[in-house]
Amino acid sequence: MSQGPRSGLAAVSSALLAMSRHLEVRDVLKTIVASARELLDARYAALGVPDDHGGFAQFVVDGVSEEQWRAIGPLPRQHGILAAMLHEARPERLADVRKDPRFEGWPAAHPDLSDFLGLPIRDGDEIIGALFLANKNCTKPDGDCGFTEEDEDLLALLAQHAAIALTNARLYERSRELTIAEERSRLAHELHDAVAQKLFSLRLTAQAAAALVDRDPARAKGELQQVAALAAEAADELRAAVVELRPAALDEDGLVATLRNQAQVLDRAHHARVTFASQGVRALPAAQEEALLRVAQEALHNALRHSGAEHVDITLDRRDGGAVLRVTDDGSGFDPRTVRRAGRHLGLVSMRDRASGVGGGLSVESAPGKGTTVEMEVPGG
């Protein structure tokens with residue numbers, strides 16, 4: 001910590017506070033990796049969580065672009081230095097990882113690593129992960145860099161707190177899974193009751209309309225209108241219930257991957273060209289990620305179903321500590337002066353409510369024949 005004890009303690013404190021702010025495992029993993037890389041001034045950092053089949057259940061990196069990470073390929077297996085971190089349970093500090101006899105190479109797209117520092121993350125006797133750092137940023141004129149014993153001690157301190165944060169996050173997620181299971185069961189019963197009642201009413205009303213068609217068309221028309229109203233109510237109840245469930249893809253894949261996958265699916269399903277791009281976005285609080293996803297889905301629905309767009313572009317970029325989402329189309333657009341009328345039709349009210357509900361903001365730019373851009377910004381956590 002060449003910056004001195006005051007700045008060093010401040011950096012450690014910031015890293016530990018950042019870890020403690022998150023409750024979801026994925027958020028905690030990303031925060032640990034980013035904090036370790038920044039704290040020890042390394043170019044690359046990674047954290048692997050082992051599975052039970054000789055591989056990694058999760059492997060989070062920092063310092064590698066998304067394009068490069070995709071080019072690297074599947075998650076690494078537990079071999080070489082990675083295996084040493086998980087099975088020998090001791091720190092590894094190497095001047096050049098490529099010269100270690102356990103080194104087994106890496107994929108062609110993998111960055112070239114030299115100096116290396118690795119440490120297991122332990123919960124009691126159990127190794128729950130391994131933290132890796134590589135390529136210490138060099139400040140010496142002769143280029144002679146590398147991780148020091150002081151760096152190792154600092155990473156050990158970080159790993160201890162990482163173990164606590166990761167264990168707490170796992171407990172939180174297990175508790176939440178139980179809560180979600182209970183809530184889904186309750187919701188299923190409620191939906192069954194509500195839908196059963198609506199369908200029963202629909203059936204009786206439709207039968208009444210059928211009986212009246214020939215002898216009293218006017219009354220039959222009224223009964224059919226009632227059928228339509230009951231169907232709309234049932235649809236609204238179902239939609240309201242389903243929309244409030246957190247998408248499973250967010251927990252499994254994260255916001256960036258979820259948006260990318262949805263863009264790919266929509267691109268195949270519609271004549272419009274749908275693209276997605278993201279730059280530098282780190283993990284956000286779960287509520288913000290869900291709100292961003294819901295706003296993106298609403299904006300995409302509008303663009304693909306109502307605007308007649310040929311191109312729809314989705315971007316998600318980092319802004320300060322948060323993120324900004326844009327959904328832009330080249331469709332028919334609308335007059336913002338009629339936003340009160342258009343807002344209800346296009347879901348703008350619900351989008352604004354979602355943005356403000358997570359401390360963010362939403363803006364809409366549009367004009368007849370000029371397309372539409374929906375932008376949502378969140379401050380991060």
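Guide: The questions below move from the chain as a whole to single residues.

Guide: This is a predicted model, in which local features need pLDDT of at least 70 and side-chain atom pairs count only at pLDDT 80 or more, while totals for chains, interfaces and linings use all residues. Residues are numbered from 1 along each chain as its sequence is written, and side-chain values use heavy atoms, with hydrogens and water left out.

Visitor: How many helices and strands are in the chain?

Guide: The chain has 11 helices and 10 strands. Both are DSSP runs numbered from the N terminus, helices being H or I with at least four residues and strands E with at least two.

Visitor: Why is Lys 370 called exposed?

Guide: Exposed means over 50% relative accessible area, buried under 20%, and partly exposed in between (1.4 Å probe, protein chains only). Lys 370 has a relative accessible area of 69%, and is therefore exposed. Lys 370 belongs to the loop between β9 and β10.

Visitor: What does Lys 370 touch, not counting residues up to four places away in sequence?

Guide: Lys 370 touches Gly 331 and Ser 332, contact meaning heavy atoms within 4.5 Å. Lys 370 and Ser 332 are 38 residues apart in sequence, yet their C-alpha atoms are 6.4 Å apart.

Visitor: Why are the buried residues of α11 said to line one face of the helix?

Guide: In α11 (residues 348-357), Leu 348, Met 351 and Ala 355 are buried. Seen down the axis, the buried residues of α11 fall within an arc of 60°, so they line one face; the arc is that of the directions from the helix axis to the C-beta atoms. An α-helix has 3.6 residues a turn, so residues three or four places apart point the same way.

Visitor: What makes a set of residues a nonpolar core?

Guide: The members are buried Ala, Val, Leu, Ile, Met, Phe, Trp, Tyr and Cys residues joined through side-chain atoms within 4.5 Å. The largest such core has 37 residues, and Leu 316, Leu 325 and Met 376 have the most contacts inside it. The contribution of α9 to this core is the greatest, at 9 residues. A second, separate core of 30 residues includes Ile 32 and Leu 155.

Visitor: Which residues does Leu 325 contact, leaving aside neighbours within four places in sequence?

Guide: The contacts of Leu 325 include Leu 259, Leu 292, Val 295, Ile 314 and Val 374.
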